[in-house]
Amino acid sequence: MATTTYLSNPTLTVNSVDLQDQCHSATLTVKYDALESTAFGGTSRVYVAGLGDHELSVELYMSYAATETYATLAALVGTTTTVTLQPTSGAASATNPKFTLTGTYLEALPVIDAKLGELSTISITFKGGTYSVATS
Amino acid sequence: MARIISDRVGTPGEPFDTEAAAEAGINVDALIQHGFIAADGAAKSGKKKTTTPPDGISEPQE
């Protein structure tokens with residue numbers, strides 16, 4: 001039976017800071033470079049995993065208030081940090097895995113992205129780092 | 001060791017293990033710089049002034 005999960009309550013931490021209430025979109029992509037290992041005698045191309053190249057893209061509401069979005073991210077541009085993402089709040093479990101990127105790099109931060117009559121939002125991407133999943 | 005200030009990091013007032021956090025890849029300096037946590041030493045320093053004003057500038061009397 002096909003199922004659809006509507007992630008209305010995922011938790012996001014950036015550098016240990018809970019930004020759940022400022023986040024409205026998050027995509028964590030786990031990716032490994034595909035290294036071709038096809039050899040003579042093969043009839044199809046085959047690959048093995050190379051280096052991991054993971055990414056977390058998030059869209060956040062921008063806020064310049066104390067301990068909000070800007071304060072969390074301003075000092076992280078051009079550095080590495082740790083980010084976590086969980087489908088729902090609560091303890092990590094097999095049905096609520098906690099995804100972590102450790103040592104992930106924040107390359108760019110749009111410090112202002114404003115349109116008249118709209119809430120200011122920013123899109124940022126954390127690149128690389130070590131991927132892990134906790135289920136307990 | 002540091003002390004949590006913002007509830008975005010945990011329970012305010014609770015200790016924050018900076019060494020463990022750093023080992024987990026957390027940028028502790030960024031947390032201190034933007035007021036999420038306070039180093040225990042800094043939190044105890046209060047309002048004590050350690051700098052001397054330049055010549056010709058008088059300090060306001062409290």
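User: How much area do chain A and chain B bury between them?

Analyst: This is a predicted model in which local features need pLDDT of at least 70 and side-chain atom pairs count only at pLDDT 80 or more, while totals for chains, interfaces and linings use all residues. Side-chain values use heavy atoms, with hydrogens and water left out. Buried area here is the accessible area (1.4 Å probe) that two parts lose on being put together, summed over both. With 52% of it on carbon and sulfur atoms, the area that chain A and chain B bury between them is about 1,200 Å².

User: Which residues of chain A lose the most area to chain B?

Analyst: The contact, meaning heavy atoms within 4.5 Å, takes 19 residues from chain A and 14 residues from chain B. Together accounting for 39% of what the chain A side buries, the residues that lose the most area are A:N15, A:S16 and A:T67.

User: Is A:N15 buried or exposed?

Analyst: A:N15 lies in the loop between β1 (11-14) and β2 (17-18) of chain A, where strands are DSSP runs of E with at least two residues and helices are runs of H or I with at least four, numbered from the N terminus. Leaving aside neighbours within four places in sequence, the contacts of A:N15 include A:L76 and A:T82 in chain A and B:I26 and B:L31 in chain B. Buried means under 20% relative accessible area, exposed over 50% and partly exposed in between (1.4 Å probe, protein chains only). Because its relative accessible area is 1%, A:N15 is buried.

User: Which residue does the side chain of A:E68 pair with in a salt bridge?

Analyst: A salt bridge is a side-chain nitrogen of Lys or Arg within 4 Å of a carboxyl oxygen of Asp or Glu, and the count between chain A and chain B is two. With the closest N and O atoms 2.5 Å apart, the salt-bridge partner of A:E68 is B:R8.

Note on methods:
Residues numbered from 1 in each chain as written. Chains lettered and ligands numbered in written order.
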